[in-house]
Amino acid sequence: MEKNRFKVWELALCAGLAVALMVSAASASAGLPDRLLRLHVVAASDSPEDQAVKLAVRDQTLSVLARPLSGAADAADARRIAAENIPALEAHLREFLQEQGIRQTVAAELKREPFPTREYASFALPAGPYTALRVTLDGGGGENWWCVVFPPLCAEAAMKRLPDDLSRAAGLTEDDILLITQADERYAVRFKLAEWLGGMKNWFVR
């Protein structure tokens, strides 16, 4: 009887620990998607030619948005600025494609959509729903390319080394930065749980 009671306490302790970890992960990652604005470019197909067009359109998009977004105070402001610039962005991209002799349609929209976990050299973003500026070429049948335009982490240098000062200035909290860099084992566990929770949330935005 004493042995069975001990097992019950063991199970209760393990369950409590699991719940505590999940609550901790949910708390650490809860506001992260709302403090970011992602860029999502979808190619027309997986052919080498269409993938090259996708990357060229990505570069043009970043070029058009760089100056307007540089004045954003936070992610909400960045979303507002991106939405206001969609007509100008679409016009620029259509003109660019026409000049290159590329006969593809292009459409941009701001939307909340599911993302898988994405790993960069110095940080990673857990799976989950994020707001993104989505640029789709010819219906978008090809591979995606995505990054973060606010804070501005699309540059190769930023992907290799997270600019902490810039990220903090843009509104990322200390917990956000520790989570996405998985600074120690404790945050690595939180990241895995946040990744799992984000994957579950993705089912509700498909």
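Q: How many aromatic pairs does a search of the whole structure find?
A: The search finds three aromatic pairs. The structure is a predicted model.

Q: Why is the pair of phenylalanine 115 and tyrosine 130 called edge-to-face?
A: The ring centres lie 5.9 Å apart and the planes stand at 90°. Rings pair if their centres lie within 6.5 Å, and planes over 60 degrees apart count as edge-to-face. Both values meet these limits, so the pair is edge-to-face.

Q: What makes this a link between distant parts of the chain?
A: Phenylalanine 115 belongs to strand S2 (residues 106-115), while tyrosine 130 belongs to strand S5 (residues 128-137). The two residues are 15 residues apart.

Q: Why does phenylalanine 115 count as buried?
A: Its relative accessibility is 1%. Buried means under 20%, so phenylalanine 115 counts as buried.

Q: How do you know whether tyrosine 130 is buried or exposed?
A: Tyrosine 130 has a relative accessible area of 1%. The limit for buried is under 20%, and tyrosine 130 is therefore buried.

Q: Why is the pair of phenylalanine 115 and tryptophan 146 called edge-to-face?
A: For these rings the centres are 5.9 Å apart, with the planes at 90°. The centres are within 6.5 Å and the angle is over 60 degrees, so the pair is edge-to-face.

Q: Which strands does the pair of phenylalanine 115 and tryptophan 146 link?
A: Phenylalanine 115 is in strand S2 and tryptophan 146 is in strand S6 (residues 144-150). They are 31 residues apart.

Q: What makes tryptophan 146 buried?
A: Tryptophan 146 has a relative accessible area of 14%. That is under 20%, so tryptophan 146 is buried.

Q: Which residues form one aromatic cluster?
A: The cluster consists of Phe115, Tyr130 and Trp146.

Q: What is the distance from the charged end of arginine 58 to the ring centre of tryptophan 145?
A: The distance is 4.8 Å, and the charged end of arginine 58 sits over that ring. The distance limit for a charge over a ring is within 6 Å.

Q: Where does arginine 190 lie?
A: Arginine 190 lies over the face of tyrosine 187, 4.8 Å from the ring centre.

Q: How many helices and strands does the chain have?
A: The chain has eight helices and six strands. Along the sequence they follow the pattern α-β-α-α-α-β-β-β-β-β-α-α-α-α.

Q: What share of the chain counts as buried?
A: Of its 206 residues, 42% count as buried.

Technical notes
Residues numbered from 1 in each chain as written. Predicted model: local features only at pLDDT ≥ 70, side-chain atom pairs only at ≥ 80, totals over all residues. Heavy atoms only, no water. Phe/Tyr/Trp six-rings, centres within 6.5 Å; stacked < 30°, edge-to-face > 60°. Helix = DSSP H or I, 4+ residues; strand = E, 2+ residues; numbered from the N terminus. Buried < 20%, exposed > 50% of the residue type's maximum accessible area, 1.4 Å probe, protein only. Lys NZ or Arg CZ within 6 Å of the ring centre and 35° of its normal.
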